[in-house]
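Visitor: Please take one part of this model and go through it closely. I would like the surroundings of a single side chain, then whatever the record annotates.

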Amino acid sequence: MSDFIPPAMGQMRKNYSLGGLHENDAKSDPLVQFQSWFEEALEDVPSWFEPNAMTLSTSGPSGDITSRIVLLKGVEEKKFLFYTNYDSTKGSQMRANPRVSLCLFWPHCQRQVRIQGTVDKVSREMSETYFHSRPRDSQLGAHVSQQSSVIDSREAMESSLEQLKARYPEGTQIPLPENWGGYAVTPMSFEFWQGRPSRLHDRLVYKRDNADSNDWMMQRLSP
């Protein structure tokens, strides 16, 4: 196979100039800083864009790393919440290695936030409450999907969906699957990135010694 380098790819770039990030303007608590940036990301957001979309990176015992987009579904008790299939590739990797990385990118703000920490499952009760708040079709989809598993065909999957719809008609409650639920990420470090001209971006990182500490150390990183 020949190299794939479209002629314009090497010249694709944006010069970021919407704003800056100075230590004097940053909150001392990174969770407060995150809330402030997230609220700003909701302003004038493009209709096609999901501000709570984030890249979740996980790794297995052999050192292999995988990344995918998941949706941030809340920040509770200083932890970042998302929901997924426990038997998926990410689920099996998080069982083997609870250290994960999150990255949220807001191109319309020329900002990104990176979070590193450890992950735990949320309670069954919390998963059930969230599951039943989802659209009905999404609840059915969680039952149909054997996430990350090889399947025979799209048609077989859609046939399973129709069978489930018949089993759980409108007005009946769809049970929470045993292999589906939430995770909570306890952050150990944050990096707030603000795009700046000439690729001299602002990068402020917050770190703490342990998960029980409320003392965060802020440092500026070279772009």
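Guide: Contact here means heavy atoms within 4.5 Å. Leaving aside neighbours within four places in sequence, Lys90 is in contact with Leu56, Thr58, Arg68, Val70, Thr84 and Gln147. The model is predicted: local features need pLDDT of at least 70, side-chain atom pairs count only at pLDDT 80 or more, and totals for chains, interfaces and linings use all residues. Residues are numbered from 1 along each chain as its sequence is written, and side-chain values use heavy atoms, with hydrogens and water left out.

Lys90 sits in helix α2, residues 89–96 (a helix is a DSSP run of H or I, at least four residues, numbered from the N terminus). Lys90 is buried (under 20% relative accessible area, 1.4 Å probe, protein chains only; exposed is over 50%, partly exposed in between). Lys90 has no salt bridge (a side-chain nitrogen of Lys or Arg within 4 Å of a carboxyl oxygen of Asp or Glu). The nearest side chain of opposite charge, Asp87, is 11 Å away (Lys and Arg count as positive, Asp and Glu as negative; His and the chain ends are not counted). The Lys90 side chain does make a polar contact with that of Gln147, at 2.6 Å (a pair of N or O atoms within 3.5 Å; within protein, one must be able to donate a hydrogen and the other to accept it, and residues adjacent in sequence count only if both atoms are side-chain atoms).

As for the record, an unreviewed UniProt entry places the feature "binding site" at residues including Arg13, Lys73 and Tyr130 (positions are in the numbering used here, feature names are shortened, and annotations may be inferred rather than shown by experiment). Arg13 is exposed, at 55% relative accessibility. Tyr130, in helix α3, is buried at 17% and is in contact with residues including Lys73.

Methods:
Helix = DSSP H or I, 4+ residues; strand = E, 2+ residues; numbered from the N terminus.
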